Amino acid sequence: MSNYAAAFTGEIFQCDTTESFSTDVVYGLVVSVTSTPSSSVTVGGLLLNPKVGTSAGTLISGTYSLASLYLGRYSSSCFMEPTGGLIVSSGTESSVECDMAWMLETPAPSIVSRQSVCEPLATGIVSIDAMIPIGRGQRELIIGDRQTGKTSICLDTIVNLKYEKVLSVYVPVGQKAASVLDAYQQLVKRDVYQALAIVMASASTSAVMQYLSVYAGTALAEFFMYNLSLPVFIAYDDLAKQASAYREISLLLRRPPGREAFPGDIFYVHSRLLERSAKLNYACGSGSITAFPIVETLAQDVSAFIPTNLISITDGQLFLSTDLFNQGIKPAIDVGISVTRVGSAAQQDQMKMVAGRLKLTLAQFVELEAFSQFASDLGEDTARALANGRRIREVLKQDVASPMSIPQQCAVLSLAGSGVLARIPSDSLVKVFLGYFLSLPSWCFLYVSTKVLAVALIDYVVSK
Ligand SMILES: Nc1ncnc2c1ncn2[C@@H]1O[C@H](COP(=O)(O)OP(=O)(O)OP(=O)(O)O)[C@@H](O)[C@H]1O
């Protein structure tokens, strides 16, 4: 665009349509303003609703307003487009009352308005809550190849957060609309829709929508964090697709390509997004945004450009391994290379007591198991350590849609640590025992100790 000298980055402009019958207005977003030595200004813009036609020579006018979403309390349970249009709303039309316009791009909270991560965010997944705990306000990357259970971890966390009174925002980027709808229906069936907002830019939408959707999702999360002081959880599924959409836009804007043809500012695109997740201090309302950005790798290559960028921006990563997934160890979290840099400060004391040595025990077991493949006869101690490790691994296996509360997790892990599970003769019976154990009503534990109950249940399972 030329002769549009007053433009500023992030401004919304509008242009005339070429279709005489159309009453729609075409809106766009200014993304670059460059001036040449001859003092002419060239403006780069992205059309937000390109289905309505425009052509060369179209008259453009600035609106002097920044890209914003109109949000209200209704937004806590809506299924919307990045531009704010509702796809599905759980309320009636009269309940859609907008409180304020919230800018898509806002500065991240300053250091003064933050506090360090101090409250735990329970995912309901034992291996995460015990060994890689997450705190409210943390950014934890979920990284792994395709079909390794990345989305399932986010959806299970969203289900568990319903019990923790945390609002969830799910931002699927560049996925099939049918799979997003499927995930939405699963969540609705599990009664989560009242505290869940979805901002969807499916694979059939333009690269512009896919690029902007993550900012729209964050704006929605910020609206609740700042205005209602709520803890919010946001999952970006996935940022590699958003980066590809941004690459497409940048190449069309003739920006110089860098490594893997991504533009030079791709790190800034992700860092300014993830810096908006924070734990606010008491004076600012104590709200928080916890982010789970997902990134897909190719052949477990974590040294690719986008994964390395995201690893360095986030406060830890959950690495999902294809090998573990294929061996039936689900969730396939590779505990050896998964880390949390801040969450352990927020882990519950009772969990610290039962899971303190779990990561080390599991790492020693994996090493021992690898070496024992070559040994013909094993010593008694080694055989016992191997059997114990196998049982712990069984305990850590968890199906989708079966979140466990923190007291349940502590009870199960204390049993695994105390050696009670050694009474179970085969590994396959561990799951059967756990099924019975977790279905016991909580009042049972008031009268009988956990260990006595477990021993009685094991005898029952073995006798069956
Ligand atoms: N803990 C689990 N137990 C059993 N099945 C699981 C578990 N986690 C994931 N799955 C199954 O694995 C399959 C892939 O899961 P999911 O879609 O979450 O993976 P993904 O990595 O997000 O995939 P994509 O690369 O397509 O985004 C699904 O069929 C899901 O039901």
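Student: Where does Asp 238 lie?
Tutor: First, this is a predicted model, in which local features need pLDDT of at least 70, side-chain atom pairs count only at pLDDT 80 or more, and totals for chains, interfaces and linings use all residues. Residues are numbered from 1 along each chain as its sequence is written, and side-chain values use heavy atoms, leaving out hydrogens and water. Helices (H or I, at least four residues) and strands (E, at least two) are DSSP runs numbered from the N terminus. Asp 238 belongs to the loop between β12 (231-237) and α5 (239-252).

Student: Is the peptide bond between Asp 237 and Asp 238 cis or trans?
Tutor: Look at the omega angle of this bond, which is about 0°. The bond joining Asp 237 and Asp 238 is cis.

Student: How far is a polar side-chain atom of Ser 152 from an oxygen atom of the ligand?
Tutor: A polar contact here is a pair of N or O atoms within 3.5 Å. For Ser 152, the distance to the ligand oxygen is 2.6 Å.

Student: What is the phi of Lys 165?
Tutor: Lys 165 is in the loop between α2 and β10 (167-172). Although Lys 165 is not a glycine, its phi is positive, at about 60°.

How values were computed. Polar contact = N/O pair within 3.5 Å; in protein donor to acceptor, adjacent residues only side chain to side chain.
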